[in-house]
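Trainee: I keep running into labels for this structure and I'd like to know what stands behind them. Can we go through them one by one?

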Amino acid sequence: MPPSCCGCLSQYTHHHLVAFLLTFFSYVLLHASRKTFSNVKVSISAQWTPTFTNGSAADFSPGQTWEGNHLFADKEQATLFLGALDTIFLFSYAVGLYFSGVIGDRVNLRYVLCVGLCGSAAVEFVFGTLTEWLKIYNVYVYCGLWVLNGLLQSAVWPCVVAVMGNWFGKAGRGFVFGLWSACASVGNILGAFLASSVLKYGYEYAFLVTSVVQFAGGVVVFFGLLTSPKEVGLSLEAETGLSPVKTDTDSHRPLMSDEEVDAEVEVEVYDRHYHSIQEPEDPLAEAPLPVTFCQAFCLPGVLPYSLAYACLKLVNYSFFFWLPFYLTNNFGWKEADSDRLSVWYDVGGILGGTIQGLISDLMGKRSPVLALSLVLAMASLVGYSHSPNDQVINAALLTTTGFFIGGPSNMISSAISADLGRQDALRGSQKALATVTGIVDGTGSIGAAAGQYLVSLIESKLGWIQVFYFFIAMTAGSIVFITPLLHKEVREMWRERQALRRQL
């Protein structure tokens, strides 16, 4: 039977709590700044098009006109470019993940993490705030900055997952990582509220607030994060979690009595002679070499989960990038109201990741929970695509959709990636987790990158209903990719049940 989650949690120390919170809020701040771009798309589109072709511009930029330096002739061209920017960001993010995971297994995780956080904050400030203050409107500047932003942000996720994998063992990992993986959804919620609260002053202030907060968070992480229990004299056993440093039960006795001195010297001499003959010291024994990229890619389960995540992340990130835009344009709601309403999708993702992670811990298997959730996700997408023009009903359907899409997405990117990076096939090497996480998330980001431009293209040609049918097809594709793993784990569950019946 799987170990009790409560029993595992009781073994953790305050160091585990600090590592949990610092990595959690690192990604919260990163996603809050990332969410800002999707939440101000309508305002940016209005600023990039001339007022005589964009009748809504006065609502978003009161008293401002911009005729001579507009980037695009109409709103449709601006929308396509926004989709292209999402694609550029995700492709550069995906490429960066393949490299940052490998780097994270070879360089101090804290350094890589802080470079990603602080560097990305600086780029976002230039992209959204400085260019607007200086009235620099240039397609190539925007594209170049967003490529650099994607590369810098790619350094964060493999590092935080690796740090969490170092601190938390397999026992209870589904629940702990399910709760922790809510960081992306909490970041989306925080970003939505920050953006909507200052949007009336101009979209550049939304970028300003989130980038400053993210930069400050990177500084805190640099000085406060411990990347491994070994840094404070603790060890971590793969199955049971925390293994505290052993202490002497006779700690109140003198360190050495007179009667023990001679015997101690004799034992020391014998041990020194014995180990010099039988067990020569291996300088590399305490520092296992990191696995290579190809070795990590060929580990069991990495490829199927990576491909499944490519399909699922396409859907999840389409909601992330386009949901406020969809709500404003399809239902005619104000941009600030759409930003707040989009939060319910993230609430569903938080609940889904935590509850499904806990269930997978109790079952001892991940893929059956994942497959069932994805089947229900297809039904929830059908329901949401026919949502009426009512904010309460829309919020309820959004929460349900987020539960069944965001939950599995969080599981694959966190708990399952940690499982894959700590599996028995690694033969004791502990330096594979960041590389494996980079491969899974990088492959997922390639799928998401391709999807963002397709979303804008399908919407402009066929309408939003066809976009939702596209989401359903991608969700079905993720089920197909995990089917071999599902079949294997179901057979294992059947054998375990049969063995239990024989014992009874």
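Trainee: What makes H17 and H20 roughly antiparallel to each other?

Mentor: Start with the angle: helix H17 (residues 367-385) and helix H20 (residues 464-503) pack at about 165°, with their axes 7 Å apart. Axes here are lines fitted to C-alpha atoms, for helices over the stretch in contact, and angles run from 0 to 180 degrees between N-to-C directions. Angles under 35 degrees count as roughly parallel, over 145 as roughly antiparallel, 65 to 115 as roughly perpendicular and the rest as oblique. The angle of about 165° is over 145, so H17 and H20 are roughly antiparallel.

Trainee: And where do these helices and values come from?

Mentor: The model is predicted, so local features need pLDDT of at least 70 and side-chain atom pairs count only at pLDDT 80 or more, while totals for chains, interfaces and linings use all residues. Residues are numbered from 1 along each chain as its sequence is written, and side-chain values use heavy atoms, with hydrogens and water left out. Helices (H or I, at least four residues) and strands (E, at least two) are DSSP runs, numbered from the N terminus. By that rule the protein has 20 helices and two strands.

Trainee: Which way does H17 pass H20, left-handed or right-handed?

Mentor: The crossing is left-handed. That word applies if the near helix is turned anticlockwise from the far one by less than a right angle; clockwise would be right-handed. By class, the contact of H17 with H20 has 20 nonpolar, four polar and one charged residues. Ala, Val, Leu, Ile, Met, Phe, Trp, Tyr, Cys and Pro count as nonpolar, Asp, Glu, Lys and Arg as charged, and the others, Gly among them, as polar.

Trainee: Why is H14 called roughly parallel to H17?

Mentor: The axes of H14 and H17 cross at roughly 30° and come within 13 Å. Since that angle is under 35 degrees, H14 is roughly parallel to H17. Their crossing is left-handed. Tyr-305, Leu-312, Phe-319, Leu-323, Tyr-326 and Leu-327 in H14 meet Ser-367, Leu-370, Leu-374, Leu-381 and Tyr-384 in H17. By class, that contact has 10 nonpolar, one polar and no charged residues.

Trainee: What makes H6 and H11 roughly antiparallel?

Mentor: Their axes cross at roughly 160° and come within 8 Å. That angle is over 145, so H6 is roughly antiparallel to H11. This crossing is left-handed, and the contact has 17 nonpolar, seven polar and four charged residues.

Trainee: How do you know that Gly-217 counts as buried?

Mentor: Gly-217, in helix H11 (residues 203-224), has 13% relative accessibility. Buried means under 20% relative accessible area, exposed over 50%, partly exposed in between (1.4 Å probe, protein chains only). With 13%, Gly-217 therefore counts as buried. Gly-217 and Cys-114 are 103 residues apart in sequence, yet 8.8 Å apart in space, C-alpha to C-alpha.

Trainee: What puts Gly-348 in the buried class?

Mentor: Gly-348 has a relative accessible area of 0%, so it is buried. It sits in helix H16 (residues 343-363). Not counting residues up to four places away in sequence, Gly-348 touches Thr-399, Gly-402 and Phe-403; contact means heavy atoms within 4.5 Å.

Trainee: What about Thr-227: buried or exposed?

Mentor: Buried, because its relative accessibility is 8%. Thr-227 lies in the loop between H11 and strand E1 (235-237). Its C-alpha atom is 7.5 Å from that of Ala-19, which is 208 residues apart from it along the chain.

Trainee: Why is helix H3 called largely enclosed by the rest of the structure?

Mentor: Eight of the eight residues of H3 (residues 41-48) are buried, so the helix is largely enclosed. Among them are Lys-41, Gln-47 and Trp-48. Across the protein, buried residues make up 53% of the 504 residues.

Trainee: Last one: what makes a set of residues a nonpolar core?

Mentor: It is a set of buried Ala, Val, Leu, Ile, Met, Phe, Trp, Tyr and Cys residues joined through side-chain atoms within 4.5 Å. The largest one has 119 residues, and those with the most contacts inside it are Tyr-27, Trp-48, Leu-85, Trp-180, Phe-319 and Phe-471. Helix H14 (residues 302-331) gives the most to this core, with 17 residues.
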